[in-house]
Amino acid sequence: MIRGRKPVPRSGAPTRALSALPRCPAHLSDVARKEWRRLATPLHAAGLLTVADRAALSAYCQAWARWVEAEEKLRETPALLKTPSGYVQQSPWLSVANKQLELMGKYMSELGLTPTSRSRLGVADARPHDPVTKIEFVTVFTDDNGNRVERPLDDPHRSRDAEKQDARTMTCELDGRV
C-alpha cells in the first residue's frame, strides 16, 4: 500500500468517445437511479464524469441506496439488540449503514463529490450566487411595432390597452438570476 497524498491528476482532454454522458445502468435500484439522476449531469458538466467513470458512479449510487435502506431500517429497530442467549449486540443494519458510508466516502473522493477532492482536482466549488435582493414584477408584451416591451407593474404610464394585452403575457423575472 502506498502512503502519502493522492497524486493530483494531470489535466488532459478526454477523447471524444469518453466525454459523453454515461447512461444510468439498468441494474441499479430505484433509489440508486434517483441518486444517479441527481449527480450525473452536474458531474458531467463540471468535467468530472465520463463514460469511463460509469462503474464508479454506479457503485457510489448503489452504496447510497443501501445506506438509505439501512438508515430506514435503523429508524424502525433499535441500534442494540438482545440475542436469544441474552447478549447485547449492535443491529446488523448499523453495520450495513457504516460499511456503506465507508464505501460512499471512497467513491465520493474519487468522483470529486467532496470539497477537498474538488480542490485537488482543480474544480471550483459550486457556491450559491449572491442572494436576490430585489424582485421586480414586470409586464412583458409586444407593442404595435413588434418590439418587446417590459414595464414595471406599477408603471403609471401603462395604457388600458396594454393592460388587456399584458394579461396574456405577464411574467415574473428575478433580476436575471434563479
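In which helix do Lys-99 and Glu-102 lie, and how many residues apart? Both lie in helix 3, three residues apart, about one turn of the helix. Helices here are DSSP runs (H or I, at least four residues), numbered from the N terminus.

This is a predicted model, where local features need pLDDT of at least 70, side-chain atom pairs count only at pLDDT 80 or more, and totals for chains, interfaces and linings use all residues. Residues are numbered from 1 along each chain as its sequence is written, and side-chain values use heavy atoms, leaving out hydrogens and water.

Lys-99 and Glu-102 form a salt bridge at 3.7 Å, N to O. A salt bridge means a side-chain nitrogen of Lys or Arg within 4 Å of a carboxyl oxygen of Asp or Glu. Glu-102 also bridges to Lys-106, with the closest N and O atoms 3.9 Å apart. Those two are four residues apart in helix 3, so about one helical turn separates them.

Another one pairs Glu-35 with Arg-38, at 2.9 Å between the closest N and O atoms. Glu-35 is buried, at 3% relative accessibility. Buried means under 20% relative accessible area, exposed over 50%, partly exposed in between (1.4 Å probe, protein chains only).

The largest nonpolar core has 16 residues. Such a core is a set of buried Ala, Val, Leu, Ile, Met, Phe, Trp, Tyr and Cys residues joined through side-chain atoms within 4.5 Å. Helix 1 (30-45), helix 2 (54-76) and helix 3 (92-111) each supply at least two of its residues.
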